[in-house]
Amino acid sequence: MANFVANTIVLGDAPTAEQDVCYAIVGYKNDIPTSTYSGQAEDSTYPFANCLDYRDNTQYSPAASSGSVQIIISKQSLFTVDYFGLALHNGFSAGLTGKVEMQSTTSGSYEEIATFTPYGTNKTICEYFGSKEAYKFRITLNFTSKLFVGAMYLGKAWNLGRQPDIGLKPASLNNVDEVVGFDDNSGQFTIGRVETVGFDTDATFSLIPMVGTNGIRSNWPNFQTHCKLSRPFFFKWSVSNNDNTFGQYRNPSSMPDMTYTTSFHGQVKIQMRGRD
């Protein structure tokens, strides 16, 4: 963060969540697959494991055509999460509302830590609520018609500590669907159809600390491996708004090299294609 002292600018560490509410997060870690889960009440044709398999053509659906499910995510030891993500879903048309709760380690009761509802058709949900530690978390999904969910994450995000540099390209404004033209049978007309491709996001962060829990050395190698395995992730360029993206690194085989911007900071580039 830049601290102005007289006419001198001193570059210190990136701001923490408590210091600045305008910062970006990358949600690539998911604790659900390595946890014990129950309560999903799944449709046997669309099992819960489908929303944990990192694929975009499989879906989880509760057996009921309306109602609610309460999914318990638990581990034998305390674990920390700070974000919840839901993507590739029909929640808007299915009347989805929901919440995330944590079980108190003292009273055993559940405490609400986040609520969510879709703000548009197939819009990505990503809620950041700060570090919460517990043995059990509960995810409630309420729906009024048949619900389908393609991806669900609950884990510890990479908090980049700041917003992107000038030049951000947000997914919500960058639809890259393609128009494909072809001739009709008579050859008299050229007809155009849209081929769905997705949305692009480009963001550069120039002053990310190299060391620390949210530093580059603690996160970039694991994030790079995640992306090279063709696994999707959530990106929220500011936790204070709903401009979320879920997708893959646009060219994971040639991710940009990590470069220093000061003696103690590096540059992180997010270049992804997915759903906004």
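Biologist: Is N219 buried or exposed?

Modeller: N219 counts as buried because its relative accessibility is 3%; buried is under 20% relative accessible area, exposed over 50% and partly exposed in between, with a 1.4 Å probe and protein chains only. Keep in mind that this is a predicted model, where local features need pLDDT of at least 70, side-chain atom pairs count only at pLDDT 80 or more, and totals for chains, interfaces and linings use all residues. Residues are numbered from 1 along each chain as its sequence is written, and side-chain values use heavy atoms, with hydrogens and water left out.

Biologist: OK, where is N219 placed, and what is N219 in contact with?

Modeller: N219 sits in helix α1, residues 216–228 (helices are DSSP runs of H or I, at least four residues; strands are E runs of at least two, both numbered from the N terminus). Leaving aside neighbours within four places in sequence, N219 contacts Y28, K29, W158, T213 and N214, with contact meaning heavy atoms within 4.5 Å.

Biologist: Switching to strands, how many residues of β13 are buried?

Modeller: Eight of the 11 residues in β13 (199–209) are buried, so by that definition the strand is mostly covered.

Biologist: Which way do β13 and β17 run, and how many bridges join them?

Modeller: They run antiparallel, and nine bridges join β13 to β17 (residues 265–275); pairing takes at least two DSSP bridges between two strands.

Biologist: And which residue in β17 is the bridge partner of P209?

Modeller: That's H265.
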